[in-house]
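Thanks for coming, everyone. Please look at the screen, and I'll talk you through it.

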Amino acid sequence: MSVIPADLRYSKSDEWVRVEGDEVVIGITDYAQEQLGDIVYVELPQVGATFAPGESFGVIESVKASSDLYAPVGGEVTAVNSALESDQQPINSDPYGAGWLIRMRPSGEEEELMDAAAYAAYLEGRAH
Amino acid sequence: MLKRTPLFEAHRAAGARMVEFGGWEMPVQYSGIIEEHHAVRQGAGLFDISHMGRFMVRGPHAMAFLQHVVTCDVSAIPIGQSSYGLLCKPDGGIVDDIFIYHVPDEFLVVVNAANRDKDWAWLQEHARGFDVELEDRSERWAMLALQGPAAEALLVNAEDAETAELGNLPFHGVALTSMFGVNVLIARTGYTGEDGFELFFDAPHAEMLWTRLLALGAPGSVKPCGLGARDSLRFEPCLALYGHEISETINPYEARLGWVVKLDKGDFVGREALAAIKARGPARRLAGFEMVGRGIARSDYPVLALSGERVGHVTSGMPAPTLGKPLGIALVPTPLSAEGSEFDVLIREKPARARVIKMPFYKPRYKKA
C-alpha cells in the first residue's frame with residue numbers, strides 16, 4: 001500500500017505539494033514512484049522558470065517509460081533538487097523527503113488538488 | 001477479460017506488479033527491473049512465459065509444410081535441435097518470429113503471445129494440401145525460462161537423476177527429461193543473451209515447478225523476473241521484438257535477419273519477394289545507436305536526418321542496464337545505418353543527437369560446444 005502523508009495535497013497526475021511559508025515544495029507520490037519502477041533520469045527546469053498550473057515542468061524516466069511532470073500550482077521556480085541529476089534513487093526511496101523535485105513561489109492559480117483522503121480514494125478508484 | 005497463466009496467483013503472492021501484455025495479465029516486475037536484469041546477467045532468473053503460443057505440427061508432411069511457411073531450412077534441424085525462424089507474407093513482411101523445436105515424430109512451434117490467434121489462422125490456411133495435423137497446445141502446457149550463467153549448475157542439482165545430463169545439451173538442443181518427478185521437455189534456448197533453458201510441461205505442474213526452481217541453490221540464487229527485465233535483456237543483445245524491430249510492414253533484410261532466410265532451400269511463402277529485396281538491397285535498415293545529446297530515445301520517437309527531414313523511427317530504446325547508458329535501435333534509410341552516422345531523435349519535440357554504433361550492444365554469452 002502506498003504511503004500518503006496527511007499533511008500534503010495531491011494532483012491527479014500524482015504530484016504532491018507541501019506548503020512551506022510562502023513557497024511550495026513539489027515531488028511525485030509514493031504511488032507514482034512505485035508505478036514507474038527504477039528511475040534512471042530526471043529533467044528539471046531552471047530556477048526562475050515560470051509555469052501555469054497543469055503545464056509540464058520536467059520529465060522523469062524509468063527503465064520502461066518516460067513520464068511528464070506537471071505543475072500542480074502555477075508560479076516561479078525558486079529551487080530545484082540538483083542532487084537528482086547524478087542520483088535519482090531518492091525519488092524511489094524517499095519520494096516525500098530527499099526525492100523532492102522543485103520549490104516554487106505560487107502565483108495563486110492551482111490545479112484542483114486533493115487532500116490525503118481524497119487522493120487515497122482516487123488511487124483506489126484507479127485500481128479497479 | 002485478460003487471459004491469465006497457471007502462475008497468476010503465484011505471481012501475485014510473490015509481490016509482482018501485473019500489467020496487460022498482448023491480451024494477457026502478466027508480471028512486469030517483482031523486485032525491480034534493474035535488479036532482475038542483473039540477476040540474469042550475473043546468476044539466474046526465472047520467467048513465466050506460459051503466455052507464448054505453442055503449436056504441435058505432425059504428420060507425413062510436417063517437414064514439407066513447415067518448409068513451405070517458414071524462411072529457415074527446416075530440413076537442417078535434426079531431431080533434438082531447434083531453430084529460430086520467420087513466417088513471412090508473400091510480400092516479405094514478417095507475420096511473426098518463431099522457434100521450431102524438432103522432437104521425435106513432431107515439431108513444436110513457439111510463437112509470440114500477441115500473435116497466437118493470427119499465427120494459428122496463418123498456419124491453418126497454409127496447411128491446405130499438406131497431410132499434416134496441427135494442435136494448439138498453448139493451454140495444455142506451461143512454459144518457464146531459467147536464464148543466466150548459473151542456470152546449468154542450478155538445474156543439474158535439481159531433484160532428478162536425468163537432469164545431470166543437461167550439461168551435455170548443446171546450444172539450441174532439446175530433450176525430454178524429468179525434473180521433480182515430472183516429465184519436462186527442456187531446451188537450451190532463451191531470449192536474454194545468456195546461456196539458459198526453456199522448460200515445457202503439463203500446466204497443472206506449473207506452481208510446483210515454479211516454486212522448486214526458485215528454491216534451487218542458496219536462498220535468493222534464482223530471482224523471479226518479469227516482462228520488464230525480459231525486454232531490457234533482449235534489447236542489449238539486439239534480439240528482435242515483434243511490434244518493434246519486426247512487423248508485417250518490415251521485412252527480414254530491413255531487420256538484419258537475412259541470415260534466417262534460406263533462399264536456396266526451395267520455394268516458400270514470400271521467397272520471390274524476399275529474393276527481389278535481397279537483390280536490390282533494402283532501402284531502410286535497423287541501426288543501433290547511442291545518444292550523443294541528452295535524453296532517452298523511446299519506441300516510436302521520430303528520427304530526423306541532420307537536414308531536419310523525418311526519415312525513420314525508433315523501434316526500441318532505453319537506458320541499457322548492463323552498459324549503463326541510453327541506447328536505441330531505429331529503422332532508418334540504409335545509408336544512415338552505417339556505423340558512425342549521426343541523426344537526431346525527436347525527444348518530446350526537441351531533437352537530440354544520436355550516433356550509430358555496432359550491434360549487438362551486448363555480445364550474447366551462449367554456451368556453444
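Which residues touch the most other members of the largest nonpolar core? They are B:V57, B:F65, B:L66, B:Y84 and B:I100, out of 73 residues in that core. A nonpolar core here is a set of buried Ala, Val, Leu, Ile, Met, Phe, Trp, Tyr and Cys residues joined through side-chain atoms within 4.5 Å. Buried means under 20% relative accessible area, with a 1.4 Å probe and protein chains only. β6(B) supplies the largest share of this core, 7 residues.

A word on the source. This is a predicted model: local features need pLDDT of at least 70, side-chain atom pairs count only at pLDDT 80 or more, and totals for chains, interfaces and linings use all residues. Residues are numbered from 1 along each chain as its sequence is written, chains are lettered from A in the order in which they are written, and side-chain values use heavy atoms, leaving out hydrogens and water.

Back to B:Y84. Leaving aside neighbours within four places in sequence, B:Y84 is in contact (heavy atoms within 4.5 Å) with residues including B:D97, B:F99 and B:W259. There is also a second, separate core of 31 residues. B:L144 and B:V182 are among them.

Now the two chains. Chain B puts 16 residues into the contact, and chain A puts in 16 residues. The area buried between them is about 1,300 Å². That is the accessible area (1.4 Å probe) that two parts lose on being put together, summed over both. Carbon and sulfur atoms give 48% of it. On the chain B side, B:R17, B:R298 and B:R348 lose the most area to chain A, together 39% of what that side buries.

Note on methods. Buried < 20%, exposed > 50% of the residue type's maximum accessible area, 1.4 Å probe, protein only. Helix = DSSP H or I, 4+ residues; strand = E, 2+ residues; numbered from the N terminus.
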